[in-house]
Structure formats: structure tokens, C-alpha cells
Amino acid sequence: MTDRREVGLAVVGAGPAGLAAATAAAEAGAAVVVVDQASHAGGQIWRHRDRNALPEAARARLARFEASGAEHLSGAAVVDAAPGRLSVVTDRGPLLIDAHAIVLATGARELFLPFPGWTLPNVLGVGGLQALIKSGLNVAGKRVVIAGSGPLLLPVAATAAGHGAEVVAVCEQAPLARVAAFAAGLWRAPAKLADAARYRRAARGARFRTGWWIARAEGSAAVERVTLTDGRREWRVPCDLVAAAAGLVPNVELGAALGCRIADGALAVDRDQRTSVPAVFAAGECTGVGGEDLAILEGEMAGLAAIGRPVGALHAARDRAGAMVALIARAFAPRAELLRRADADTVVCRCEDVRMGQLDPAWGARQAKLATRAGMGACQGRVCGAALERMVGWPAGTVRPPLSPARVSDLAALSGNGG
Amino acid sequence: MSDRIEIAIDGRVCTVAAGTSVAAALLDAGQPAFRASVQGEPRGPLCGMGICFECRVTINGVPHRRACMVTCEHGMSIATGAAPA
Ligand SMILES: Cc1cc2nc3c(=O)[nH]c(=O)nc-3n(C[C@H](O)[C@H](O)[C@H](O)COP(=O)(O)OP(=O)(O)OC[C@H]3O[C@@H](n4cnc5c(N)ncnc54)[C@H](O)[C@@H]3O)c2cc1C
Ligand code: FES
């Protein structure tokens, strides 16, 4: 049996963007449902097992959402979509949602660029470490190395240090000049500069180096040490946990399934957050990586525009905050050395254990799938696709529905109700 | 948040704080390898957000659950694919 629901607005993603969209639309009187596969609302930044640990502004946002009358379906993955309809799989069974309008707020994931040893247990993402700490991982007394790129490195270092970890090194691959240019570009966002200073203080004791990156990680049952490099020197660091990621990539899969236009790896939207598909809007990091404030503004606009309310008053603020997307992209683009770390023996596709040496750069992603199964495993190429796109220039193929694994019986029930 | 609950990891009983994800509980219990890859390499969580599928374990008999997406419940039984048979 498939449950069916009809709403004015369906929002996918309960992060800052999705919650802002849902709150704005529900406060304006629309019937709104927010669907998220995670067990708690908040997305990557506000999801915390202990809400009291969140900043006041985040708690206020969550409370306002809860009071707005919008409904939150947690543990509910959208596995397919067509204009006006979402196919959802929950623990309680399949569900079809018919909606007059859809807001996509599916966020971003981390970019993992393979290096020797990156598959060892206890080598995590940077946001991955943050997420695990928020869900209860105890890092007290652990020696942690944080390396990669982007504005997430320092806040995560601060979180780890705040939970008692010994943060031995924080390495930003971008050269100092680009990091400095990024900081200079923040002049219009003084709060961000204050945040950065606070993170630096909180992560004190850790050595912050720009122009350094991980060359390799080693260990037997789990990671035991990493070798960091600036291309000339090497620095071997014993550690218990490694957090490594080269930035964020927008989650465009659901938008692609709907037929939305994609530009520069993100869902393309107009000034009112409309995608190229009628009645489908998008907001937050699935439209470009620009952080929390931008996600909130875009969400609010998408939610209002989706129910036919004017949003012109928000354009100026959004455009100001939107400058962050280009700033981040420019400052933290991965250097060439980062893309050349995998040796012939390095696993590139973790789901199918395909090694770099098995791939012929003359192929494309499709040929690699046929020849080696690279990209055909459980993650559907979400990890290796983005990496290989940058390493060998293969455009990442689109993920085909179902967008996450679902029981055959659920899928059959959903398609049986398709008409 | 001071509530403690009991779970079993590969038959070993552990106590964790309520609200802890299965992935965090396993790492805390000194079990960084959650599963064996197709070529038998030990693997543990990578993304922490449900994308990479490296954290798959068997929970209450249901295989292939993403440990980072599931919150521990009292009496939960978790089996890694990395435990000695
Ligand atoms: C792992 C990680 C950790 C991060 N930690 C921080 C941090 O600590 N501080 C910081 O400033 N920034 C952090 N960021 C950056 C952060 O993504 C943004 O600042 C902000 O959260 C973006 O908001 P958003 O609403 O666009 O997306 P998100 O917050 O990512 O929300 C997207 C939501 O959509 C849901 N979703 C996606 N696809 C589907 C689907 N098909 N079905 C159902 N639900 C779906 C996801 O579960 C998620 O909850 C992190 C990013 C990542 C990837
Ligand atoms: S750690 Fe990636 S899916 Fe759980």
C-alpha cells in the first residue's frame, strides 16, 4: 500500500535552505511538507543530537520552523521525482507526494580526492568528522589531522579541539595568497571575519599551514600516520583520526531527475530561485556552495516564490551574500598536485575497489563503468564521479533513480501508483 | 542527554549516550572497521552524511544499514562485517 499526500508545497531537504523555504511558505498560509532522509531536522550544519549545543540563532530558526505549521517527514528519502510529484521511501513504507510546487534544498556533499591510504578506517571527511562529533563521537585525547580545502577546515578544527581532541595539524591546500584574498573578500561580512578569528583561537595549539596537503596516509587496521607536504618538504605526523576533503559539491541528482538545467555543477536558478522546470525551485548549496546565510536567504525566496508571493525585497541581500559563491570557488580550487596523488594501486572507486591503474584516461565515465564497474556501486558514483571529473576530466554521469537504495517492493508500490 | 542506553556490537554489550549515531558508537567502541570491501579491505565511515555507503552494518538483522544515518536505540544489536566470523 502506498500512502498518498497532496500539499501546496513540498520541500526536499531540512537544512537551513529547506527550513527557511518551508517556514516562509507555511507562515504565509500554504500547506507545506518538508522531506528529509536524516533522522533530525537541521541539515549539515544545524543537525545535532543535543540542540542546546547549537548557537542561539540556529535554535531560533528551528523553533520558528516548528511553530510555522509546516510538517516535517524525517527518515524519508526522495528516490525519484517528476514535476508535481515526489516518490518517497520511509521506514514506514512508500509515499507519493503530489505538490503544486517543489523546492529542492538538497545541499552539498564533500569532494573526496583519492590519495594513497585514503580508504583506511579513521580517515574521514572534514564535514564527516564534524557530523560524527555532532552525533556523539568522542574525540577527547585523539590526535587529529585536518587537511583539505575550504572554509570548513577551521570550524571543524575548533569543534574537535573544543571536544578535547589534540588537533595536531590543520592544512589548507590553497596557497596563502589565495586564502588572504578570500579573507579580504569577507570585508562585506564582518561577522564571518569575527567567526574566523574565533575559530583560529579555539583551534589554538594546532598548526595552521596554507599550501600544505596530505601526500599519503598509512596504517594497518586503521590510519596511524599521515605524510603532509608542500610539494618540496614532507612532514610525517602520527595520528588517530584524519579529516580530509577538498571542499563541497552540490547535490544535483534530484534536480537532474526532474530535468532541471545544471550549470557549473550546480542547479541553475533565476533571480527568484526558479529552476528551468516550471513549478520547481531550488535553494541553498545545491545551487552553489556559499554557506549558511546565503542558504537561508535563498530558501526564504524559494519558499515565497513557490507559492506566488513577491520576493523582490530580498534580491539585494541575496546578491550581497551570493558573492560568497565566487569567492569560495576562486580561493579554494584544488591545486593540480591534489589531483595527481592517486598511484596505480590507489583505490579510486571505493564501492567496487577499482584502482587508478585499472582506468585508462582515454575512456569516459561510461566506458570505465563497463570495463571496471567504477561508479556502479552503492554510492552510484557520488564519491568517485566528482573526483574523476576533476582528475581525468570525465564529466560525471547522472545518477539514475532510485536515487538511494530502496526495497524492490517499495519501488514497485510507488510505480504502481504512478498514473 | 545524560540518558545512557545499552547496545550490542558484534555480541559485546556497550553503553552509549542516547542520541548517539550507530557510526559514532562503533568508532567509540574501538571498532573503526565497519565492513570488508569487495576485495576484503577494512572500511569505515567516510562522509558521515549518508552519501558514501562505507559505514554499512547489519542492525537488528537488517543488512546494509548506513550506520551514520541511524540513531542507537536501547537493545539494538549491531553486526559489523569486519568481525571475526
Ligand atoms: C558533512 C558536512 C558538514 C558540514 N558542516 C558544516 C558546519 O559545521 N558549519 C558550516 O558552516 N557549514 C557546514 N557545512 C556546509 C553546509 O553544507 C552549509 O553551510 C549549509 O548547511 C547548507 O545548507 P543547505 O540547506 O543548502 O543544505 P544542507 O544543510 O546540506 O541540507 C540538505 C538536506 O537535504 C537532505 N537531502 C538531500 N537529498 C535528499 C533526498 N533525495 N531525499 C531526502 N533528503 C535529502 C539531506 O539529508 C540534508 O539534510 C557542512 C557540509 C557538509 C557536507
Ligand atoms: S559514512 Fe558515508 S554513508 Fe555513512
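**Leu124(A) sits across from Ala243(A), a residue of strand S15 of chain A.** This is a predicted model, in which local features need pLDDT of at least 70 and side-chain atom pairs count only at pLDDT 80 or more, while totals for chains, interfaces and linings use all residues. Residues are numbered from 1 along each chain as its sequence is written, chains are lettered from A and ligands numbered from 1 in the order in which they are written, and side-chain values use heavy atoms, leaving out hydrogens and water. S8(A) and S15(A) (residues 241–245) run parallel and are joined by two bridges. Two strands are taken as paired if DSSP finds at least two bridges between them; the strands (E, at least two residues) and helices (H or I, at least four) are DSSP runs, numbered from the N terminus.

**Here is the whole parallel sheet of chain A, an open one of five strands.** Read along the sheet, the strand order is S8-S15-S9-S10-S11 (chain A). The edges belong to S8(A) (123–124) and S11(A) (207–210); each has a single partner strand, so one side of each is left without a neighbour in the sheet.

**Two helices of chain A lie across strands of this sheet: H4(A) and H5(A).** H4(A) (residues 126–134) lies across S8(A), S9(A) (143–148) and S15(A), and runs at about 130 degrees to S15(A). H5(A) (residues 153–162) lies across S9(A), S10(A) (166–172) and S11(A), at about 180 degrees to S10(A). The axes behind these angles are lines fitted to C-alpha atoms, for helices over the stretch in contact, and the angles run from 0 to 180 degrees between N-to-C directions. Contact here means heavy atoms within 4.5 Å.

**An antiparallel sheet of chain A has three strands in the order S12-S13-S14.** It is an open sheet, and its edge strands are S12(A) (213–219) and S14(A) (234–238), each pairing on one side only. From one strand to the next, the twist averages 20 degrees. Six bridges link S12(A) with S13(A) (residues 223–229); Ala217(A) has Val226(A) of S13(A) as its bridge partner.

**In chain B, strands S1 and S2 make a hairpin with two residues between them.** S1(B) (residues 4–9) and S2(B) (residues 12–17) run antiparallel and share six bridges, and Glu6(B) is partnered by Thr15(B) of S2(B). Look for Asp10(B) in the turn, with its positive phi of about 50 degrees. S1(B) also pairs with S7(B) (residues 77–79), in the parallel sense over two bridges. Ala8(B) and Ser77(B) are bridge partners there.

**Chain B meets chain A through 32 residues, in contact with 39 residues of chain A.** The two chains bury about 2,900 Å² between them, 56% of it on carbon and sulfur atoms; buried area is the accessible area (1.4 Å probe) lost on putting two parts together, summed over both. Leu46(B), Met49(B) and Ile51(B) supply 22% of what chain B buries against chain A, more than any other three residues.

**Three salt bridges cross the interface of chain B and chain A.** One is between Glu54(B) and Arg350(A), with the closest N and O atoms 2.5 Å apart. The rule asks for a side-chain nitrogen of Lys or Arg within 4 Å of a carboxyl oxygen of Asp or Glu. On the side of chain B that touches chain A, helix H1(B) (22–28) and strand S4(B) (42–43) are the elements that give two or more residues, and H1(B) gives the most, with four residues.
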